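Work through the exercises below with the structure open. Each task is followed by a stepwise solution.

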Amino acid sequence: MPDLTDATTATGTAVPDAATAATVPAGQREKTRSLAGDAWRDLSRKPMFYISGLLILFLIVIAIWPSVIASGNPLACDLAKSQMGPTGGHPFGFDTQGCDVYTRTVYGARDSVAVGILTTLGATLLGSLLGGLAGFFGGFWDSLISMVSNIFFGIPILLGGVVFLSVVKGGSVGTVTLFMVLLGWPQIARIARGAVITAKQQDYVQAARALGAGNTRMLLRHILPNALAPIIVVATIALGTYISLEATLSFLGVGLKPPAVSWGIDISQASNQIRNAPHMLLWPAGALSVTVLAFIMLGDAVRDALDPKLR
Amino acid sequence: MGRYVIRRLLQMVPVFIGTTFLIFVMVYALGDPVAAMFGDRAPDPATAAQIRHDLYLDHPLPVQYLHYMGQIFTGNFGKAATGQPVTELMGQAFPVTLRLTLVAFAIEAVVGIGLGLLAGLRRGRFADSSVLAFTLLVVAIPTFVTGYLLQYFVGLKWGLANPAVGDGAPLGDLILPGIVLAGVSLAYVARLTRTSVAENSRADYLRTAVAKGLPRRRVVTVHLLRNSLIPVVTFLGTDIGGLMAGAVVTERIFNIHGVGYQLYQGILRQNPPTVVGFVTILVLIFLAANLLVDLLYAVLDPRIRYA
Amino acid sequence: MTVIDETAAAPGAAQTTPLLEVRDLHVEFHTRDGVAKAVNGVNYSVNAGETLAVLGESGSGKSVTAQAIMGILDMPPGRIPKGEILFQGQDMLAMSGEQRRRIRGRKIAMIFQDALSSLNPVLSVGYQLGEMFRVHQGLSRKAAKAKAIELMDRVRIPAAAERVNDYPHQFSGGMRQRIMIAMALALEPELIIADEPTTALDVTVQAQVMDLLAELQREYNMGLILITHDLGVVADVADKIAVMYAGRIVETAPVHEIYSAPAHPYTKGLLQSIPRLDRKGQELYAIKGLPPNLLHVPSGCAFNPRCPMAQDICRTEVPVLHPAGPGRGSACHFWKETLGE
């Protein structure tokens, strides 16, 4: 037997250790599945995904065609009906100006959803572009972009919003969106940068580089698909918080301004009358909360599907 | 460790300059402070020019900025719309907001970490789902909505707390606003703690701790919590700025005369010294908090300290 | 040297109680895809001063058995439907959680494979070592630290007194594994379970760490269960071997007999797949096929799809562990043929 002992101590040989066989969840290697396919399978099993998805679909429909469910005019108000409770044809009652609360609540979806979606698009594009460049090229560009995003991070978004929007005196969807993109992109950039750096260090990406793949090919084929998942997750959740932020800014009187119809404005006006006419506050506040909840729930479901590790 | 601190301090400098400059530009360059002073009346051109000169507004922007920062570092923040020095307003406002922020911070940290730990340790069970649903609701309902609802129900209808905060902002009156202010952050802390605890409870070193025969309490507090809190502490620190900014909303709901209130007045009355002054101090606090977090981070995680 | 004897459990045959005895242990995991039977009726025993090597591939159930002994299985999803684990004659599976905790670390200690991830990254090694004394013996912080330094000296970590406040990431792999060993030895336990203690280390360091472990075992007269897939490690230090496959022990034998005359085709395959100097130039033998999926273990002998000797009976009947000589057992229908070849 000495020869075997010699041989083994000399080479430290191991039993052919089939590391592929996991102790428990074997049978998951049966077919290769893509991340997107896997995520979709996971999502399609979640009731939360369907509930939030349907809600969002509904919101988008009434944001585009509010007249489908509300025949009145949100700006047609009758002071004689100020703060009246629900009556026939006006299930939510009237606000201080005598406007129909139901109609205003329905019409309020448009600007909220528009600001939310536009801001998300803008911030995601700008953020992933800058963050991606910083992560991919590193060096000087990384330092520069990181510093700029740190500066923007130094200003709490609500504070910056109050200062900026009060100076610009805009009050339109465009200005509010512009500002929110301006302060929102660093969050996405940070995620994108991290994701790109992680993807870049993956062995197979290194291998692709060693095989002579060019920058464009590297970015499009290898890095982008890997960085996409975390960005989508953060963006979906951010959409909800952007809508919430818009309402907060409008509430403070620096966001959207009348004659724009916004939940934030209506809540702000109702807040002084909470003792006399709580219904004025309740409906727009409820609509706003449900909207934000829908987007955050969707974001949650997407995150669970794309990043099983966090479950 | 010393080098780490110095490096962090140096990194803070450009961020401080950049942030304050950004605010400065927003207020002074995009707005017209002189026109704002006169309200709707058109100012006399000679007087306006004189004021511009006095305020350094006839110089290029960077010079204006340097002048302003020089003034700030000598303690001169200018005058508010009422003619009071801005520093005087700060002396009144900051203690109030600081107290409110501390109350909120304590609620956020204690309740948030507690809930997160509970959920993380009972992953997938009822307690976990309840905490998740609760945090989802809290995040989704905007602060000003919860603020008014709590004020209406707890303060007005049930009379459990003072719906408005009295003079001098006594601590008892600040609990309800503190809960409102802490709300969203609390939810984030709970979720972050939950994720972190869930991840770490699967770590090898935790298995070692159990194999060492340590009592469960010790395994959780010394080994699990210590590691899990590292990302949570980071969030808590960076959130101090967020809380102080969120005070703008909370202070308005509960009629608290703190930083948010003064800032809001400054904006309504278009008084740049008030706005820039308060925001500059807030940014400084924010950056200081971040530095503190970094140091704490290094204390908590030796891998950072020796990196 | 004591040898494993399947009849030892039978009444009348028991002379002295073994330090640890595992009887008919079953462990299963409930997963989304079904019940994975990780351990299916394992029997083994270890005496004081004895080294039992448990050999097998990933998924053979060797680590799960160890975790069940240690009481650190994740339950759920893990479950122990059947079996006994007798430590000094007492069934640990019947004990309360608190009773088991008092045994862990003090009487039975464990050494894990990857010392870097198994040591807490944010606590100094001195703290982690001293914790044993503080918790189990109620020592003060200061006294515990002195003990920690003593332990580090014991496992020959240079400049122990200076390094006691260092963190795990500041040590080399070999030094870290020494710290793991020190931690296991801290309270001079009667049994140590070492789960692949050298797998994560460089070959040169492997031998040093293994020698240290063997030396300390002799010194304290501890029982040692050495879980490994490395036949080289086994030959030097083990007294007896248990080879596991698909949650069962397929062969047990005193260490040198198994090398000279394996009584199970799987063991034989393992031995043949080791490169040997005298077979230089020849193609290396490999056991064909893949380890079994624990959710769908083949019927009959779990090894039959990969076995060169498989007959019809192997596909229908689960072989029992046949006595195959003094202290030997083989769970093969054709153990005689395997031995005789």
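**Exercise 1.** State how chain B is divided into domains, and describe the contact between them.

Solution. Chain B splits into domain 1 (2-73) and domain 2 (87-300), with bounds taken from an automatic or database domain assignment. The model is predicted: local features need pLDDT of at least 70 and side-chain atom pairs count only at pLDDT 80 or more, while totals for chains, interfaces and linings use all residues. Residues are numbered from 1 along each chain as its sequence is written, and chains are lettered from A in the order in which they are written.

Next, take the centres over C-alpha atoms: those of domain 1 and domain 2 of chain B are 31 Å apart. Domain 1 of chain B gives 16 residues to the contact and domain 2 of chain B gives 12; contact requires C-beta atoms, placed from the backbone, within 7 Å.

Then assign the domain 1 side to elements. H1 and helix H2 (33-37) of chain B each give two or more residues, and H1(B) gives the most, with 13. Helices are DSSP runs (H or I, at least four residues), numbered from the N terminus.

**Exercise 2.** Describe the side of chain B that touches chain A.

Solution. Count first: 36 residues of chain B contact 35 residues of chain A. Elements of chain B giving two or more residues include helix H1 (2-29), helix H10 (216-253) and helix H12 (272-300). H1(B) gives the most, with 8 residues.

Definitions and conventions: Two residues are in contact if their C-beta atoms, placed from the backbone, lie within 7 Å.
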